[in-house]
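Please examine the sequence and the three-dimensional structure shown below. The briefing that follows is arranged by topic.

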Amino acid sequence: MLDANCPNCGAPIRFRSNDLPVKVCDYCRTSVLRTGGNLQAIGKIAEVPDDVSPLQLGVRGRDGAQGFELIGRVRWRYADGAWNEWLALFDDGSTGWVGESMGRYMMLREVDDDALAPVVVDHIKSGQPIAIDTLITIGGVDYAVADNKQVTCIASEGELPFNAPLGLTATSIDLMTPDGECASIQKDQGGEVEAYVGRYMSLAELNATGLRSFEGWPMPASAA
Amino acid sequence: MSDDALPADAAPPAPAQPPVAPVTPASTVRALSCPNCGGIVNVRAQGLTVSVLCEHCGSTLDATSPDLQVIARANEALKTPEIPLGTRGTLNGRVWEIVGYMERTDEEIGWAEYLLFNPYEGYAFLVDDGRRFSLGIMLDRLPTMGWGNAMQLDHQSFSRFGGTYPVRVTFVVGEFYWRVAVGETVDETDFVRPGTMLSCEVYQTERTWTRLDLFDWGVAEKAFGIPARRREYSHPAPHEPSPYKRQLREALVVGVVALLALFVVSGIGGREQVIGQTTTDAVLDGPEKTVVIRGLDLPSARSRVVVDADAGAIDNAWVDLDYSLTDEKTQDSVDSYGLAEHYSGSDSDGSWTEGDPRPEVSLSSIPGGKYDLVVTLSAHRWNGGSSSSSFSMPTGFAGGSVFGQDSGQTIPVTVTVKRGGVFGGNILLAFLLIAAWPLIVLFKQFGFEKRRMAPVSGSGGSDDDSGGDDD
């Protein structure tokens, strides 16, 4: 935990995890990079366009025994739409992502580098296309490719493990299993490949509380 | 209002103004104006919606661009969905708002799909085939392959319904979370079980599985305030449960019970009881003889009466038996006739015998009471045709013993009267009556299944199917 002030506007900013070096200032939307004790303003971030997502920073939830709080968000866009990735800080200090797309939610955790076979990593790094239904083994589990797309960052907010300015690009592969497990493989602009695994969960299953309320819509009973 | 307190701890000392916490809940609806016609376009799922089709001019707008760029301009009168956009309804305890509407066709039949939205639940589909509604939820997991062409989901098996077929969008209005356009075609494959369909759609690099659950008649109509559809089963949906299945089960159960009862009744009623007997001698070629069996008691309201005659010793002769069963009280009588006969001989094919010396006569539905049976017998010798030139008997004719006997020879005839016993005909009739209802329902069920399978059982459909099975 580190409490400091935004190098651009002076507003207080808080870094809650040593693993998350980037914080978008809530007030001036400057992206602040922390290296050790030094803070550096590295650019302005566009405001996240309003959407009807029931999630927001500060929402609390639970994945199994572990509670979490949403502390950051990146909004990605691709040719046929956009989706949110919310950074969840768990009570034990670890992090995960809640993917929010087409009104559905995926709770995802990053896996170790060796969970993906090197040949798969090389294939993805090469940028060659991957057909849907291709089976990819992640950590011993076979996932089928459901979707494969080029994505661009629209905006970001809160604390993040990387700087996510407008125009940041990535390759995103969505995968699924028959058991409701899902996975995501992302290749970032630098060509690094990371894999995330988890499962589709409803807001009720996530025990999400502190959701946004919307005019005329009853808050689900699980969030009360 | 605990929500309001959330951002309060972040009050900054800096001059920058903190973002104002929303005091009133945000609205999910954003009113924008169509850049083509200027009409108001209500975007109900901001941030999720990708395409908007203006309900005034039909132009396709890009909701991912801040100013609703026009993708396809249109200026045509649009049809209005039966359930207007923006209508809310509660299905299975969840509130849904209609945000989009499209019509699709497989080039044989068309149907409508409403896109439903709830900010906490996401999306669902309300599919209207013109008769019944189904709720469609996109699957977040993959069904597994089952036996043959079947698919497995949640321990339920879904059988494949026909081959893969193209589905084309013919009309669209409202907003959608994907890029929608008239003419867009996906390849669809359906798997069904009664009440539920799994639909697999492949579009370019994306495959989606949707589970469709059929609503009971009138449920969706009531939820969204439209007139209830009339029940009819002329063109069933592929996943429509047969309305006759339960009836068939009931009819079969009732039928089996009735059959068991029939067996028991016929077992009890089938036992015959001797109520009278007499033996008399009939004189061959002698005068008629009349005997009477008195005091035949028929206690049941309706009884079956069997009269057995036994002229066992008869050969190459016949006995005419006239029966008259007379009610002692009313003198009403029922008449019948029996013939005891037996002939034997031999010809070029060897020896032969013919005729029944023990005829049985059944009288059904005799009213209860005391009866007399009047039996009139007359016995006749068969001449073997030997006196007739037109009838040549084989040389080895064995009837000599009879010929050799004097006239006046007698034949003992025993007449036995029995009551009870169930007519085979009555049993059959009862069986048919019992079987009629299950059979009618069975035919209805077959008819329903035939109509349900009609879209894929035709010659074209089965060709498609066998073609699809090859891969």
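**Briefing on chains A and B**

Of the 471 residues in chain B, 28% are buried, where buried means that 20 or more other C-beta atoms, placed from the backbone, lie within 10 Å of the residue's own, exposed means 12 or fewer, and partly exposed lies in between. This is a predicted model, in which local features need pLDDT of at least 70 and side-chain atom pairs count only at pLDDT 80 or more, whereas totals for chains, interfaces and linings use all residues. Residues are numbered from 1 along each chain as its sequence is written, and chains are lettered from A and ligands numbered from 1 in the order in which they are written.

**Chain B**

- Chain B contains six helices and 24 strands; these are DSSP runs, with helices (H or I) of at least four residues and strands (E) of at least two, numbered from the N terminus.
- Chain B has a domain 1 (25-241) and a domain 2 (277-384 + 405-421), with bounds from an automatic or database domain assignment.
- The C-alpha centres of these two domains of chain B are 82 Å apart.

**Residue L2(A)**

- L2(A) belongs to strand β1 (residues 2-5) of chain A.
- L2(A) counts as partly exposed because it has 13 C-beta neighbours inside 10 Å.
- Apart from neighbours within four places in sequence, L2(A) is in contact (C-beta atoms, placed from the backbone, within 7 Å) with F15(A) and R34(A).

**Where the chains meet**

- The contact involves 41 residues from chain A and 34 residues from chain B.
- On the side of chain A that touches chain B, β12(A) gives the most, with four residues.

Methods
Two residues are in contact if their C-beta atoms, placed from the backbone, lie within 7 Å.
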